[in-house]
Amino acid sequence: MSVFHHRKGVLHAEQVPLPAIADAVGTPTYVYSTAALTERFQAVTEAFQGQKHLICYSVKANSNLAILGLFARLGSGFDIVSGGELARVKQAGGEPGRTVFAGVGKTPDEMAQALSQGLLLFNVESAEELEALDAVGRKLGRRAPFALRVNPDVDARTHRYISTGLKTSKFGVPFEEAVALYAKAKKMKGLQALGLDCHIGSQLTRTAPMKAALTKVADLYVTLKARGHALEYLDVGGGLGITYSDETPPSPQEYARTVLNATEGTGATLLLEPGRALVGNAGVLLTRVLYRKPTEARTFVVVDAGMNDLMRPALYEAHHDLQPVVKRRGRDVEVDVVGPVCESTDVLARARPLVLPRQDDLYAFMSAGAYGMSMASTYNSRPRPAEVLVDGAAWRVVRERERVEDLWRGERA
Ligand code: LLP
């Protein structure tokens, strides 16, 4: 049974009825389940049992301190893309020594901070970035541990906005240039080659592209070792997909089988960077119906969550299931569930069959634990939602609802 389930017609998160949370903290509110987060982390851990590995949870998926802290306690490392994310990891009790740093635009300041805090690995994405990292290393009198993120030119067959492994993508260095770059880096005093990295995209639901990319990268790893580079880590990136509606992504076991088969014989310690797969289905966005608006063309249901709170539908035409918090009897009508934001793209669910809600009814957008709150903005001067973490029959606010005064912090009239 999912941790989010109806009991006597009322949607619960674990043992907590969602109306209790909505009444206490208002809406819109993100609600996460400790049990779901823990179960997913352990499922991936178990799938890789017997293989030297470190899960580096991808902070961008959901960077709430309570979630980072939970994963840190479960033994997770972290995958970050900014100095801000590194600061969050530390604040939550995570270790820089178990953290990898990717991104095409790391600043020298961010590099210096991370290096002096003992970062595990910089995943470097260009030749110029490699030079910049060398300069930082020399200035600090250390060798910066790095992996090149190579672009294997494999089509991940996911939404084009979240595909990263094609030649036309800004990510990684061209596969063919990697050997020469490692050779060049060997002569640089501020660098130490410690790994090889790739990431081909997100919300992957098929194993074939993973297999194709990792086989290429594992070959390159072996070549580099043979050329005398003392690599230890093979970072296979993140990207494992989840079920939003009817997708059938690989299970953690199938995923592990694919990764382990492709990287067998490298002797590397594997770094895994799952984000969505750990948090996506562990969270929902709770929202309340404001108005119904039947028109000639469509029936709109206006809710108090908007595209600023959950950007995925507007940005990727992503589907999030919608569950009534209290089930109603009746016949389905086709509705567009829209938010209050002044944009035509502020449609959170389009042409959805739904028993027509009443005003004040609560709904939950499902699978909103990943790239929900972490991508939320204050567009239209809307304070961002509160976040709640449920644990069994208990729950607590892990981020207060933003206040209106927070909106202009730092501004000068
Ligand atoms: N590692 C690297 C280098 C990445 O770029 C990403 C995601 C991850 C790991 C984690 O990927 P995951 O396991 O979560 O798929 N905002 C989009 C997803 C963007 C993903 C960006 N990179 C969405 O809402 O679908």
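The legends below describe close-up views of a predicted model.

Residues are numbered from 1 along each chain as its sequence is written. Local features of this predicted model need pLDDT of at least 70, side-chain atom pairs count only at pLDDT 80 or more, and totals for chains, interfaces and linings use all residues, while side-chain values use heavy atoms, with hydrogens and water left out.

View A. The strands stand in the order 1-2-3 with antiparallel pairing. Strands are DSSP runs of E with at least two residues, helices are runs of H or I with at least four residues, and both are numbered from the N terminus. Two strands pair if DSSP finds at least two bridges between them. Strand 1 (4–7) and strand 3 (16–17) are the edge strands, each pairing on one side only. Four antiparallel bridges link strand 1 to strand 2 (residues 10–13). Histidine 5 has histidine 12, in strand 2, as its bridge partner. In general, strands of a sheet pair through backbone hydrogen bonds, either parallel or antiparallel.

View B. A polar side-chain atom of serine 202 is 2.3 Å from a ligand oxygen atom. For tyrosine 371, the distance from a side-chain N or O atom to an oxygen atom of the ligand is 2.6 Å. Aspartate 79 has a side-chain N or O atom 3.3 Å from a nitrogen atom of the ligand.

View C. UniProt positions follow the numbering used here, feature names are shortened, and annotations may be inferred rather than shown by experiment.

Glycine 275 sits in the loop between strand 13 (269–272) and helix 10 (276–279). Its relative accessible area is 5%, so glycine 275 is buried (buried is under 20%, exposed over 50%, partly exposed in between, with a 1.4 Å probe and protein chains only). Beyond its neighbours within four places in sequence, glycine 275 is in contact (heavy atoms within 4.5 Å) with Tyr57, Ser58 and Ala61.

Tyrosine 371 lies in the loop between strand 19 (362–365) and strand 20 (386–391). Tyrosine 371 is also buried, because its relative accessible area is 14%. Apart from neighbours within four places in sequence, tyrosine 371 is in contact with Lys60, Ala61, Ser202, Arg276 and Arg312.

**View D. Aspartate 309 in its loop.** This residue is in the loop between strand 15 (299–303) and helix 11 (312–316). Aspartate 309 counts as buried because its relative accessibility is 1%. Its side chain makes a polar contact of 2.8 Å with the side chain of arginine 382 and another, of 3.2 Å, with the side chain of asparagine 308. Not counting residues up to four places away in sequence, aspartate 309 touches several residues, including Pro28, Tyr30, Leu285 and Arg382.

**View E. Cysteine 342, annotated "active site".** UniProt places this feature at Cys342 in an unreviewed entry. Cysteine 342 is in the loop between strand 17 (332–338) and strand 18 (347–355). With 65% relative accessibility, cysteine 342 counts as exposed. Leaving aside neighbours within four places in sequence, its contacts are Tyr379 and Asn380.

**View F. Leucine 70 in helix 3.** Helix 3 covers residues 65–73 and contains leucine 70. Leucine 70 is buried, at 10% relative accessibility. Thr34, Leu37 and Thr38 touch leucine 70, not counting residues up to four places away in sequence. Glycine 94 is 24 residues from leucine 70 along the chain, and their C-alpha atoms are 9.5 Å apart.

Note on methods
A polar contact is a pair of N or O atoms within 3.5 Å; within protein, one must be able to donate a hydrogen and the other to accept it, and residues adjacent in sequence count only if both atoms are side-chain atoms.
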